[in-house]
Amino acid sequence: MAKNITMPDIAQQYISKSAFASLYEHTNRSVYRYVYGLIGGSKQEVEDITAETFLKAWDARKRFKGNMQQATGWLFTIAKRIVIDRWRKRKVRPQNVNLDEMLVIADDATPEERTTIMEQSRVLVSMLYDLPDDKREIIVLRYLLNWSVNSIAEHTGKKPNTISVTIRRILQDLRDNWSDYQEGE
Amino acid sequence: MTQRPEEKDIERLLFQIQPEPDDSLHERMQSAPWNQADTIEFPQKSRYLLRAAATLLITVLLVSLFFNTPVRSVAQQMLSIFFTISPDETREHSFERPEPTATIPAEVIQATVESRRPPIETLAANAFVEIKLPQYLPDGYVYESGYTDESGNVFMTFSFAEGDRVRRFLNIHQGNDVTHGFEIGANAIVQQVSINGVIGEYVQGTWMTEEVTETDGTVNMTTRWNNDTELHFLSWSLDGVSYQIFYQSSLYFTLDDGLPDAPGYLTLDDLIAIAESME
C-alpha cells in the first residue's frame with residue numbers, strides 16, 4: 001500500500017495566481033494604510049501607489065518566499081521604494097484628507113465628543129506629517145496597522161527596546177508641541 | 001480650541017485613524033495579471049491525447065477500479081501525456097557479468113568529467129531549441145554540469161552539498177524530445193499539476209534494482225518501481241518544447257527518513273516554483 005507523502009511545512013510562496021490573489025485580499029488594506037501613512041497624499045495618489053506596489057510585487061514574486069507577516073513587510077518595502085522614487089523631493093502633507101472617512105469613532109459618542117475628536121485628529125494628522133520619515137513609519141506601523149513592537153523591530157532591523165523608547169518619545173513630543181500646532185491651524 | 005490631549009489620548013486618537021481603500025482600488029485590480037484567466041497551451045500531441053483522455057476518463061476510472069495492475073497500467077497510459085507506463089511494477093533479467101578487461105586511465109576519467117562542465121552559454125549554443133533558465137533556485141543550489149545530446153536536448157545539473165556526506169541534485173532537461181520513451185512503473189502515481197497555467201505531470205518514485213549473483217556467476221536483477229523514494233520529477237510541454245525537472249540525492253532515502261526537514265530537500269512546491277521561474 002502506498003505510504004502517505006507528507007509535505008514539509010514550507011514557507012508560503014505567492015507565485016501562483018490564486019496564491020497571489022489571496023495575498024492581495026489579505027494585505028491590500030495594510031498596504032493602503034501604510035502608503036497613506038507615508039505620504040498623506042490624496043486618496044487617488046495613495047491608491048495609485050498601492051496598486052503599483054502589488055503590480056511590482058507580482059513581477060518580483062518568484063524571488064520572495066516567506067510567511068504572511070514577511071510578505072506584508074516585503075510589500076511595505078516595495079511601497080516605500082516607490083514612495084521614495086516619486087516623492088523624494090516633495091514635502092509630504094495631508095492633502096484633501098477627509099477625516100470623516102477614515103476615523104473610527106464610537107457610535108455612542110456625543111456630538112460634542114465627536115467634534116473634539118475630529119479637531120484633535122486634524123491637529124494630530126498635521127503633526128504626524130511633520131515627523132521625520134523613520135519616526136512616522138514607526139507610528140504608522142504601531143497605530144494605523146496595529147503591529148506589535150517586536151514586529152516593528154523585526155521589520156526595521158532595530159531592537160524592540162529602541163522601538164518602545166522611540167514611540168514613547170514621539171508621543172511626548174506630540175503632546176508637548178500640541179499647542180503650537182493648534183495655534184497654527 | 002480643544003484641550004491638549006495626554007499621551008494616552010494621542011495613542012487612542014492614532015488607533016482611530018483607519019483609512020480604507022475604496023472599491024475603486026479593487027475594481028482596478030480586477031484587471032491585474034493574477035486575476036486574468038490562464039491560457040493553457042498544449043502541444044498538438046498533448047491536445048489530441050487530452051481529448052482522448054477526457055473521452056475515456058470515466059470508462060478508464062471504472063475499469064481501473066475493478067481490474068488488476070496490468071489493466072490499471074493501460075488506463076494510466078491513456079491518461080499520461082508525458083510518460084510511457086510500463087505494463088509491470090517489476091522487471092527481471094539475468095546476465096553473466098563480464099570480467100573487467102582494462103582499467104580506464106585517470107586522465108580519460110578527468111577529461112570526461114571536464115567535458116561535463118561546459119558553461120551554460122555553450123549548452124545554449126548547441127541546443128536545437130531556445131533554452132530557458134530557472135530564475136529561482138533554492139538556497140545552496142549551484143550549476144554543476146550539463147551537456148547537449150545529439151538531438152539538441154539540453155541536460156543541466158544543479159547541486160546542493162550538505163557537508164561531505166550528502167549531495168542533492170536538481171536536473172533540468174529541455175528539448176524536442178526529452179520525455180520520449182521515459183518509462184515509469186505500472187504502480188506509479190501520475191499527478192496533474194499547473195505550471196504557470198500549463199498542465200504538467202508530477203511523479204514521485206523511481207526504479208530500484210536488487211541484484212543477486214548466483215554461484216555460477218549469473219546475475220539476476222529485479223527492478224521494481226518504488227513510489228516512496230526521494231526522487232521525484234515534473235514534466236510539461238510549452239510551445240513545442242518538452243521539459244523535465246528531477247530532484248534526487250546521492251543517497252537513496254525514502255520518505256520515512258525525515259526527508260522533508262533535510263537541508264536542500266526539494267518538495268513538489270519547490271519544483272513547481274523552479275519550473276514557473278524558467279524564462
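1. The side chains of Arg175(A) and Glu6(B) form a salt bridge, with 4.0 Å from N to O; the term denotes a side-chain nitrogen of Lys or Arg within 4 Å of a carboxyl oxygen of Asp or Glu. This pair crosses between chains: Arg175(A) belongs to helix H8 (residues 160–176) of chain A, and Glu6(B) to the segment before H1 of chain B. Helices are DSSP runs of H or I with at least four residues, numbered from the N terminus.

2. This is a predicted model, in which local features need pLDDT of at least 70 and side-chain atom pairs count only at pLDDT 80 or more, while totals for chains, interfaces and linings use all residues. Residues are numbered from 1 along each chain as its sequence is written, chains are lettered from A and ligands numbered from 1 in the order in which they are written, and side-chain values use heavy atoms, leaving out hydrogens and water.

3. Arg175(A) also forms a salt bridge with Asp176(A), the closest N and O atoms being 3.0 Å apart. Through shared partners, salt bridges join Arg168(A), Arg175(A), Asp176(A), Glu6(B) and Glu7(B) into one network.

4. Relative accessible area describes exposure: buried means under 20%, exposed over 50%, and partly exposed in between (1.4 Å probe, protein chains only). Glu6(B) is partly exposed at 38%, and Asp176(A) is partly exposed at 39%.

5. Another salt bridge links Glu20(B) and Arg33(A), whose closest N and O atoms are 2.6 Å apart. Glu20(B) lies in the loop between helix H1 (7–16) and helix H2 (23–29) of chain B, and Arg33(A) in helix H1 (residues 17–39) of chain A, so the pair joins two chains. Arg33(A) is buried at 9% relative accessibility, whereas Glu20(B) is partly exposed at 29%.
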